[in-house]
Amino acid sequence: MPNPSAPRNNGYQVEPEVRKHNFEEVARSFTDEQARAEAQRCLHCKNARCQANCPVGVQIPDFIAYVKEGKIGEAVSKIMETSLLPAICGRVCPQEKHCEGNCVLKEKFGSVNIGMLERYTADTARKQGLLQAPQTAPKTGKKVVCIGSGPSSIAAAAELARAGHEVTVFEALHAFGGVLRYGIPSFRLPREVIDHEIETVKSMGVKFVPDVLVGATQTVQELLKEFDAVYVGSGAGLPTMTGIPGENAVGVYSANEFLTRINLMQAYKFPATDTPIKIGKHVIVLGAGNSAMDAARCAMRLGPDTVTIAYRRSAAEMPARAAEVEHAKEEGVAFEFLLTPKEVIADETGRVSGLKFTRNELGEPDAKGRRRPVEIPGSEFVIPADTLIVAIGQRPNPIIAKTTPELKTTERGVLDMDEQGKTSLPGVYAGGDIIRGGATVLLAMKDGIEAAKRINAYLEGK
Amino acid sequence: MQENTIVSRKQLNDVVVKFEIYKPLIAKSAKAGQFVILRGREGGERVPVTLVDWNSAKGTITVIIQAIGKSTSMFNSLQEGEAFLNVAGPLGTPVEIKNYGTVAVVGGGVGIAEVYPIARALKEAGNKVIAVLGARNKELLILEPEMKALCDQTISTTDDGSYGLKGMVTDAIEALHDQGEKINAGFIIGPIPMMKFTSRLMDKLGMNPHASLNPIMLDGTGMCGCCRVTVEGKVKFACVDGPMFPSKTIDFDELMRRTSEYKPLEKESLEKYQHEKDHVCKCGLH
């Protein structure tokens, strides 16, 4: 019998005082007993709202039913019918906006902890050797290339391989995973989890090639001679800076640089690794999205005296996943709201020494319904800081659009698509942050899966 | 052959090594002024290195590396038949090659090697090419015979006077100007102070200078923004917008400050590496 009124189990998180000194995973997996008990809470609704609100359509009540019975192999296979990266999704999806946010138990007893159940299922199946890559269809003889090895491309590659195509993934960096590798820190997503998920896709016959920057090493037009279709999943690899005076002072990082040093290059292990990183005593992070939370929490782990997030709107408008904000607060990150940065102040050596802000109040809602910040005249003041991390968003990396004039882009620099997800160049499809300009892992995966289905249809007719 | 394999290796002086590396895709698409990112080991840095030559028929690229820190020292200990872990490129915007008339290519130290492919491309485009080369001493002056064979005129300078003119490249450029040489464009690669003062002089003399900037880079693909430089008052990413920029308005002092950020840590890393390399283990277990 379901047991919905049992309290929701939020899982075990390593104590803030311990975890803020290392890069080990913060949230720990359910035990078998905990997983079964949490699974018992699920009502298995007929028209499950959780499933309807999952962008990749994971069959949530069905997989939870298997968990309840301890059939972990079946549970993971059920998830993988629609999503091939369960260990990643369970950890980084904004569940409160999708499945858990729509659970019928939400108001009365608290939503079923679907995220923790998903990662428990994936991790346990992996450990017990029950996780199997999906069967691939007989070879079609068609060749497809995916540009980038982030969540969107991996999802597309797996879906294309499943349909029997010969799939190659080109990655510009030396390690695979895209933003999962360079952006998301190991305390949220351990590196071996990324490795495992990529191994699964490799085991389906997908070939991964590092050090190929499409647009430089080879152009899209050259790829079209060799491949029957191209999927562009090259992501949002272009940092947005504030453009305020003094931003090139020493000690000012883009979130991309700061996170890449730590996550991709493992600079926190320096000098055992060769890429260094420097942190001051007082760190300011501009922005309140997931990258800002990641940057603030990484900064905290390097041992400064203070880390402060400064955001131009109020707490209610923060775009970050709720759990990340909570974790950052627990780890001692301070939050300052309704501030607009005006100028980076540098000392006589050119190093950042403070940041000048003005205070805002909330005005009318903008196009997205978020209330717009409005400056209060004469409210200028300075917060002293010796490290500044700018985490106010990313835009699509322009290199492919620049080197492929046939590909139309919008004024925001994102690839222009028709309703079928096709670009303006035949045989070239795109998805993820290159068409969204900076969204979530989950939406990137959804784009990859949908584009792969369209490529499959396109290749069938070819 | 395995990609990234060192096909040939030549020690040019105590600290400078020339590598020819098998990397067909880069050899096919490389252009003058572009660079590659090299990585030598797991946990290793991504180091940007200018392409000195490429041969699409052989599928090889050539780089010249000066051992300065730990990573470049490790690179230079690699031998023929061994391989780099990663070679990515070609990166950056190629230099605009056209017939400017008379051009000066100015190389300082290992920058001589880096400016060589630009000199060659400019020569092929019909320019009169004058090479101005500078080094601390004769030992460190590399590629002079190659430059002489290529260029219409080659002037070498050394700080200590052990070879060529005693003095700086700026002295040689002033002399050219005094002789009435009309130079339509300059392309400078070398240490930051040398590029700064050469740019300033060439601008004053109306020689339309350009300089190839070497800020700190990570990915080299425009993703991280740590190579931000200020040119004409605007922020540019050297890895994708450059590395070569018109140098009249480059903020060289900012570049100097930003490239110095990790110097103490780099020194620590190099010393640790040298200590471990030189340490002869007596424990009997190795």
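Mentor: What follows is a set of questions and answers on this model. It is a predicted model, in which local features need pLDDT of at least 70 and side-chain atom pairs count only at pLDDT 80 or more, while totals for chains, interfaces and linings use all residues. Residues are numbered from 1 along each chain as its sequence is written, and chains are lettered from A and ligands numbered from 1 in the order in which they are written.

Trainee: Are α13(A) and α14(A) roughly parallel or roughly antiparallel to each other?

Mentor: Helices here are DSSP runs of H or I with at least four residues, strands are runs of E with at least two, and both are numbered from the N terminus. Helix α13 (residues 290–301) of chain A packs against helix α14 (residues 322–330) of chain A at an angle of about 25°, where axes are lines fitted to C-alpha atoms over the stretch in contact and angles run from 0 to 180 degrees between N-to-C directions. Angles under 35 degrees count as roughly parallel, over 145 as roughly antiparallel, 65 to 115 as roughly perpendicular and the rest as oblique. α13(A) and α14(A) are therefore roughly parallel.

Trainee: How compact is chain B for its 286 residues?

Mentor: Chain B contains 9 helices and 16 strands. The radius of gyration, taken over C-alpha atoms, is compared with a globule rule of 2.2 Å times the number of residues to the power 0.38. That rule gives 19 Å for 286 residues and the radius of gyration of chain B is 19 Å, so chain B is as compact as a globular protein of that length.

Trainee: Is Asn208(B) buried, partly exposed or exposed?

Mentor: Asn208(B) sits in the loop between α6 (192–204) and β13 (209–212) of chain B, and has a positive phi of about 50° although it is not a glycine. A residue is buried if 20 or more other C-beta atoms, placed from the backbone, lie within 10 Å of its own, exposed if 12 or fewer, and partly exposed in between. Because 18 other C-beta atoms lie within 10 Å, Asn208(B) is partly exposed.

Trainee: Which strand of chain B holds Pro90(B)?

Mentor: Most peptide bonds are trans. The bond that joins Gly89(B) and Pro90(B), however, is cis, with omega about -5°. Pro90(B) lies in the strand covering residues 86–91 of chain B, namely β7.
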